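Here are my notes on this model, for your review. Please read them with the structure open.

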Amino acid sequence: LMVQLDMPEWWRIENKCECNSFSQLGEAALEEKWVNDACDYFKALIRYAEEKYGDRVFAYGFAAGSSNEWFDQGHGNISDKKAADYRLKTGNPDAVIPTIEQIYSKALPSLRDDDDPVYNYQKYCADSSPSLVVRFAHAAQEILKHQKIIGLFFGYSGLPYHWQNRLGTNGYEKVWA
């Protein structure tokens, strides 16, 4: 059973949410109400499916973001909310937020050092989708208790490193763990 967790349009309107999880997953990940509502929905759906059809359900897949593969198509969009979250997570209220031009100007972020603001910001962005995946996986396991398989489509190992960062899917290790 594959479960789509993106924001429905009615939810966006009702909650006055300006971002869209399908195209702006990095922004949507900061919408705590959506994340909580989506977790609650996922758990309710699993409970129902297990009660009614549990003997016929082999596994649960879950999807969000562009292509239903956890891609963030925000292309480096930097909202005030995202900048504030970045500064909070770095512990540096003065952390430099790079411009879109700076993000796209360097093609090989793997060669950057930890003092490079572009590299650090891209690492932050690359963690948003994996962190969201982990939250949804934990929600599913609250119900399934590791008795059934859960899975998802997540990124492509063949894409260049900088594209994986821009799409938010460079945190494979976090998702696999």
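Which residues have the most contacts inside the largest nonpolar core? The points below start there.

1. **The main core.** This is a predicted model. Its largest nonpolar core has 31 residues. Those with the most contacts inside it are M7, W34, F42, F62, W70, L132 and F136. The elements that give two or more residues to this core are α2 (25-28), α3, β2 (59-63), α6 and α8 (172-176). As background, nonpolar side chains tend to be buried together in soluble globular proteins.

2. **A second core.** There is also a separate core of 10 residues. Among its members are A83, Y86, Y121 and Y124.

3. **Overall layout.** The chain holds eight helices and three strands. In sequence order the pattern reads β-α-α-α-β-α-α-α-β-α-α. Of the 177 residues in the chain, 47% are buried. Take the contacts with a separation of 6 or more: residues 24 or more positions apart account for 66% of them.

4. **Helices α3 and α6.** How do these two helices cross? A packed pair of helices is described by the angle between the axes and the distance between them. Here, the axes of α3 (residues 32-53) and α6 (residues 117-144) come within 9 Å. They cross at roughly 35°. The crossing is right-handed. On the α3 side, the contact is made by E32, W34, V35, N36, A38, C39, F42, K43, I46, R47 and E50. On the α6 side, L132, R135, F136, A139, A140, E142, I143 and L144 take part. By class, this contact has 12 nonpolar, one polar and six charged residues.

5. **F136 as a contact point.** Which residues does F136 touch, leaving aside its neighbours within four places in sequence? They are L5, W34, V35, A38, C39, F42, F62 and W70. F136 has 0% relative accessibility, so it counts as buried.

6. A search of the whole structure finds eight aromatic pairs. A ring pair is described by the distance of the centres and the angle of the planes. For F62 and W70, the centres are 5.8 Å apart and the planes lie at 75°, so this pair is edge-to-face. Both F62 and W70 are buried. For W70 and F136, the centres are 6.0 Å apart and the planes lie at 45°, so this pair is tilted. The W70 and F136 pair links distant parts of the chain. W70 sits in the loop between β2 and α4 (80-90), while F136 sits in helix α6, 66 residues apart. One aromatic cluster is formed by W34, F42, F62, W70 and F136.

7. Please look at phi here. W70 has a positive phi of about 70°, although it is not a glycine. Is W70 buried or exposed? Its relative accessibility is 0%, so W70 counts as buried. N68 also lies in the loop between β2 and α4. N68 has a positive phi of about 60° and is not a glycine either. The relative accessibility of N68 is 29%, so N68 counts as partly exposed.

8. S66 is found in the loop between β2 and α4. S66 is buried, because its relative accessible area is 11% and the cut-off for buried is under 20%. Not counting residues up to four places away in sequence, S66 touches F22, F71 and Q73. S79 is placed in the loop between β2 and α4 as well. With a relative accessible area of 19%, S79 is buried too. The value for S79 should be read against the cut-off of under 20%. S79 and E27 are 52 residues apart in sequence. In space they are 7.9 Å apart, C-alpha to C-alpha.

9. **Where to look.** I would start with W70. W70 is among the residues with the most contacts inside the largest core. W70 is also part of the aromatic cluster, and W70 has a positive phi. Then turn to the α3 and α6 crossing, at roughly 35°.

Conventions: Residues are numbered from 1 along each chain as its sequence is written. This is a predicted model: local features need pLDDT of at least 70, side-chain atom pairs count only at pLDDT 80 or more; totals for chains, interfaces and linings use all residues. Side-chain values use heavy atoms; hydrogens and water are left out. Axes are lines fitted to C-alpha atoms, for helices over the stretch in contact, and angles run from 0 to 180 degrees between N-to-C directions. Helices (H or I, at least four residues) and strands (E, at least two) are DSSP runs, numbered from the N terminus. A crossing is left-handed if the near helix is turned anticlockwise from the far one by less than a right angle, and right-handed if clockwise. Contact means heavy atoms within 4.5 Å. Ala, Val, Leu, Ile, Met, Phe, Trp, Tyr, Cys and Pro count as nonpolar, Asp, Glu, Lys and Arg as charged, and the others, Gly among them, as polar. A nonpolar core is a set of buried Ala, Val, Leu, Ile, Met, Phe, Trp, Tyr and Cys residues joined through side-chain atoms within 4.5 Å. Buried means under 20% relative accessible area, exposed over 50%, partly exposed in between (1.4 Å probe, protein chains only). Rings of Phe, Tyr and Trp (its six-membered ring) pair if their centres lie within 6.5 Å; planes under 30 degrees apart count as stacked, over 60 as edge-to-face and the rest as tilted.
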